[in-house]
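My notes follow in the order I took them.

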Amino acid sequence: MKQLLLYCRAGFEKECAAEIQDKASLYQVFGFCKLTANSAYVIFEAYDAETLANFYRDYDFNQFIFIRQWCLLVAPLLELPGADRIAPVLEAALGAELGSIGELRVEFAQTNEGKTLSTLARKFTVPLRQALRQAGIMLQKEQKRAPVLHLFLLSGQQAYLGVSYPENNSPLENGILRLKFPNEAPSRSTLKLEEAFIEFIPRHEWDKRLAPGMLAVDLGACPGGWTYQLVKRSMMVTAIDNGPMAESLMQTGQVKHLMVDGFKYEPQKKNVYWLVCDMIEQPQRVADRIAEWIIKGWCQESIFNLKLPMKRRYETVQDVLEKFENKLLQADIKYQLRVKHLYHDREEVTVLVRNVVMR
Ligand code: SAM
């Protein structure tokens with residue numbers, strides 16, 4: 001197995017390719033990428049199977065930014081004749097000697113064309129799963145700790161077959177988290193912060209890190225989609241923006257709206273827990289300001305967006321993050337950092353930074 005199949009947002013194939021080349025090379029894994037613009041996936045082919053297997057085992061999937069899912073391809077591109085799509089999958093899976101598969105995911109690229117395969121993917125899953133069980137490839141009961149088999153449909157006639165491991169993959173179908181838009185929220189941006197909470201903060205820590213009564217500051221808050229997520233969790237929010245905030249949020253009594261510059265606002269006391277920021281600004285400028293908040297102890301955790309309208313988006317993110325981390329290190333801050341191109345993000349990535357030594 002020398003190839004990785006990587007899922008990303010359509011239009012971000014170059015970022016996905018740059019990221020895998022960069023991160024694999026840290027493990028002495030070298031190879032090349034095959035990609036098509038706007039296809040929402042990339043194939044990385046390594047020159048050496050063994051070093052690729054080590055990288056695939058050891059590299060922490062959560063460190064990827066633009067890569068939403070990864071699996072090791074177990075066979076060349078499969079041809080699936082309409083008369084019998086199951087037989088070629090069984091043959092390839094048997095040939096690959098995969099061990100006991102615990103879960104099957106029939107998936108497709110997140111493109112307009114790819115999404116037309118969703119019905120086929122759903123309908124094909126049950127009979128394929130039964131056939132895999134009868135052939136002894138898959139365990140009789142779904143087992144969340146056993147390897148996952150991915151059949152990635154390119155069309156009704158062609159698919160890639162890959163395997164991933166639950167301890168180091170995305171647990172999500174197609175690598176994406178679908179969320180229902182809450183009708184009361186003032187903007188669709190609300191889904192970005194909700195997804196960030198789910199992606200970055202384990203459920204068992206929500207009581208501690210997303211607790212009722214916490215104080216939060218929202219920079220670039222209008223019309224209030226992010227503030228809505230904080231208010232929903234019974235926090236008190238200072239919303240900073242020159243624009244208008246949704247009246248429904250103001251009426252909760254939990255929001256103070258200040259029409260001041262988000263880059264100049266300073267909290268009166270050091271009792272703010274969350275700083276969130278969705279200002280449309282230069283990514284370096286935003287990161288510098290957030291670093292200042294963390295270093296000065298004005299907040300304990302922050303979730304912020306880095307907007308990426310430019311061409312070299314992977315390099316920009318790396319550059320901004322390197323400077324950001326250097327600032328924190330120089331100030332002797334112990335921190336946790338997560339960065340992800342979330343499903344609800346567009347030309348931006350979302351960052352979580354947490355001061356892990358509570359003052
Ligand atoms: N997060 C918001 C939501 O969920 O509804 C959407 C924020 S919108 C993408 C960006 C906001 O940043 C705009 O409302 C804009 O007025 C604000 N903004 C841009 N520069 C700012 C600054 N220097 N200070 C305060 N707000 C700023």
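I began with polar contacts between domain 1 and domain 2 and found 8 residue pairs, both residues of each at pLDDT 80 or more. The model is predicted, and I kept that in mind throughout. On the side of domain 1 that touches domain 2, I noted 7 nonpolar, 2 polar and 6 charged residues.

Next I looked up salt bridges. Between domain 1 and domain 2 the count is 1. I also noted a salt bridge between the side chains of Glu-15 and Arg-313, at 3.0 Å from N to O. With a cut-off of 4 Å for such a pair, the 3.0 Å of Glu-15 and Arg-313 falls within it.

I then went back to the domain bounds. Domain 1 covers 3-175 and domain 2 covers 190-355. I read a distance of 33 Å between their C-alpha centres. To the contact, domain 1 brings 15 residues and domain 2 brings 18.

How much area is buried between domain 1 and domain 2? I have about 1500 Å², with 51% of this from carbon and sulfur atoms. Within domain 1, the residues that lose the most area to domain 2 are Arg-9, Ile-65 and Phe-66. Together these three account for 40% of what the domain 1 side buries.

Which residues are the closest to the ligand? I listed Ser-187, Gly-225, Asp-241, Gly-262 and Asp-278, out of 17 residues that surround the ligand. By class, I sorted this shell into 8 nonpolar, 6 polar and 3 charged residues.

I also checked backbone atoms against the oxygen atoms of the ligand. For Gly-225, a backbone N or O atom is 2.8 Å from a ligand oxygen. For Cys-222, I noted 3.3 Å from a backbone N or O atom to an oxygen of the ligand. For Pro-223, a polar backbone atom is 3.4 Å from a ligand oxygen. Taken alone, the ligand exposes 600 Å², and I noted that the protein buries 78% of that area.

Methods: Residues are numbered from 1 along each chain as its sequence is written. This is a predicted model: local features need pLDDT of at least 70, side-chain atom pairs count only at pLDDT 80 or more; totals for chains, interfaces and linings use all residues. Side-chain values use heavy atoms; hydrogens and water are left out. Domain bounds come from an automatic or database domain assignment. Contact means heavy atoms within 4.5 Å. Buried area is the accessible area (1.4 Å probe) that two parts lose on being put together, summed over both. A polar contact is a pair of N or O atoms within 3.5 Å; within protein, one must be able to donate a hydrogen and the other to accept it, and residues adjacent in sequence count only if both atoms are side-chain atoms. Ala, Val, Leu, Ile, Met, Phe, Trp, Tyr, Cys and Pro count as nonpolar, Asp, Glu, Lys and Arg as charged, and the others, Gly among them, as polar. A residue is near a molecule or strand if one of its heavy atoms lies within 4 Å of it. Accessible areas come from the Shrake-Rupley method with a 1.4 Å probe; for residues, only the protein chains shown count as cover.
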